[in-house]
Amino acid sequence: MKGLTAMFAGILIVLGGSLVVLAVFFFWASSGRLPKSEYAQIKTATYPPRMAAEELTVVSYNVGYLSGLTNNQAVRPAAALYEANLAAVIAALKPLEPDILALQEIDIDSRRSYQVNQVAAIGDTLAHGQRAIAINWDKRYVPFPFWPPSVHFGQILSGQAILSHWPITQHERLVLEKVAGNPFFYNALYLDRLAQTARIDIDGQTLIVINLHLEAFDRPTRQSQTEVVLALAETYAEQYPVLLLGDFNSALNRDAEGEPRSIQTVLDADTFASAVPLEQFTQPDQFTYPADTPQFKLDYIFYTPDRIELLDMQVLTVADQPSDHLPLVMRLRLR
């Protein structure tokens, strides 16, 4: 009897020790490098000031951390792929001379993209002196790609960024609702979905830019997120010209998405106009995803027509597919 008791006691000790080890590992894995007070930053660099702005060029681009068409695939690309994709993005954007560049899925210093600060690399080359950075993924362990397990370890520091030639006077980071049905450990290790808001001073006039990357896999959560960001944008629109842009992860022609389509919520809003007419949404030249054979429009720019004049809008074809998305380019004039 004493032997049986000792055996059970040993089993309980082993189980208890395993739970402690698991808890410690989970705490370590889900912790980040930065304090949360640094999850919304404005970085500055010195470049020659811009001349007075009669027209502005704005670009929205989900760069997929420069992983090209391997994004969301269970592979570990070589460093050379990221270097080539960075060069391709710069080559595509530099001739445009964008005044404002809104980026989604951009790495700041991550093992998966070989510790390159992609915001600095793009900002320095394009001479953007103002850089608002909103962190949405700061973890020590991410179990993807699935093999080999060794790549699960190593810091991910990623997020969204708004780069500008004009002063960014205020910057805010709003964390959106997570998928309630996901296990707690999944949500703890996964990225935050954000609405990143920057106030930009254009020759003494304030322009609000709201940069989004909404939920990709769960329609009800994406719908809820869309309603929150639309309400935020409408509040700003009471006083300022507003651009609401980014990766909305919703398409009118993607049947698998189901109803209602979350993008329809923004289309129905009286305050905002789409930079692309609704009747063109399902035309192939407006599709943004996937970059090699575009089938869906997931990326959008909306604007307040009472304060912003649309001059031109296009989906930019980028050689060599440095991202799985294509960028949007809008020319505008503030009224």
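Colleague: Which side chain makes a polar contact with the side chain of Asp247?

Modeller: The side chain of His213 does, at 3.5 Å. Bear in mind that this is a predicted model. His213 also makes a polar contact, side chain to side chain, with Arg193, at 3.1 Å.

Colleague: Where does His213 lie, and is His213 buried or exposed?

Modeller: His213 lies in strand E8. Its relative accessible area is 4%, so His213 counts as buried.

Colleague: What else does His213 touch, not counting residues up to four places away in sequence?

Modeller: Asn62, Gln104, Glu105, Gln160, Leu194 and Asn249 are among the residues that His213 touches.

Colleague: Take Glu105 then. Which strand is Glu105 in?

Modeller: Glu105 is in strand E3, residues 100-107.

Colleague: What is the nearest side chain of opposite charge to Glu105?

Modeller: Arg112, and it is 5.4 Å away. A salt bridge here needs a side-chain nitrogen of Lys or Arg within 4 Å of a carboxyl oxygen, so Glu105 has none, although Glu105 is buried.

Colleague: Which side chain makes a polar contact with the side chain of Glu105?

Modeller: Asn71, at 3.4 Å. Leaving aside neighbours within four places in sequence, the contacts of Glu105 also include Asn62, Val63, Gly64, Tyr65, Ser158, Gly159 and His213.

Colleague: Back to E8. Which strand do nine bridges join to E8?

Modeller: Strand E7, residues 194-202, is joined to E8, residues 205-213, and the two run antiparallel.

Colleague: In what order do the strands of the open sheet come?

Modeller: The order is E6-E7-E8-E9-E11-E10, six strands with mixed pairing. Strand E6 (168-175) and strand E10 (273-274) are the edge strands, each pairing on one side only.

Colleague: What do the buried residues of H5 pack against?

Modeller: They pack against E6, E7, E8, strand E9 (242-247) and helix H6 (262-267). The buried residues of H5 include Thr221, Arg222, Val229, Leu230 and Tyr236.

Colleague: How many residues does H5 have?

Modeller: Helix H5 has 19 residues, 219-237. From its first C-alpha to its last it reaches 26 Å, close to the 27 Å expected.

Colleague: You listed Arg222 there. Which side chain does Arg222 meet in a salt bridge?

Modeller: Arg222 meets Glu257, with N to O at 3.5 Å. The pair links distant parts of the chain, Arg222 in helix H5 and Glu257 in the loop between E9 and H6, 35 residues apart. Both Arg222 and Glu257 are buried.

Colleague: And what does Arg261 form a salt bridge with?

Modeller: With Asp255, where the closest N and O atoms are 3.8 Å apart. Arg261 counts as buried at 9% relative accessibility, whereas Asp255 counts as exposed at 67%.

Colleague: How many salt bridges does the count come to?

Modeller: The count comes to 14. One of the pairs is Glu55 with Arg333, their closest N and O atoms being 3.4 Å apart. Glu55 lies in the loop between strand E1 (40-44) and strand E2 (56-62) and Arg333 in strand E13 (residues 328-334), so this pair ties together parts that are 278 residues apart in sequence.

Colleague: How accessible are those two, Glu55 and Arg333?

Modeller: Glu55 is partly exposed, at 38% relative accessibility. Arg333 is partly exposed too, with a relative accessible area of 30%. Glu55 and Arg333 are also linked with Glu309 and Arg331 in a network of salt bridges.

Colleague: Since E1 came up, which strand do five bridges join to E1?

Modeller: E4, and the two run antiparallel. Ile42 stands opposite Ala132 in E4. Strand E4, residues 130-141, is mostly covered, with eleven of its twelve residues buried.

Colleague: Last, the whole chain. What percentage of the residues count as buried, and how many helices and strands are there?

Modeller: Of the 335 residues of the protein chain, 50% count as buried. The secondary structure comes to six helices and 13 strands. Among contacts between residues at least 6 apart in sequence, 75% join residues at least 24 apart.

Key. Residues are numbered from 1 along each chain as its sequence is written. This is a predicted model: local features need pLDDT of at least 70, side-chain atom pairs count only at pLDDT 80 or more; totals for chains, interfaces and linings use all residues. Side-chain values use heavy atoms; hydrogens and water are left out. Helices (H or I, at least four residues) and strands (E, at least two) are DSSP runs, numbered from the N terminus. Buried means under 20% relative accessible area, exposed over 50%, partly exposed in between (1.4 Å probe, protein chains only). Lys and Arg count as positive and Asp and Glu as negative; His and the chain ends are not counted. A polar contact is a pair of N or O atoms within 3.5 Å; within protein, one must be able to donate a hydrogen and the other to accept it, and residues adjacent in sequence count only if both atoms are side-chain atoms. Contact means heavy atoms within 4.5 Å. Two strands pair if DSSP finds at least two bridges between them. The expected span of a helix is 1.5 Å times one less than its number of residues.
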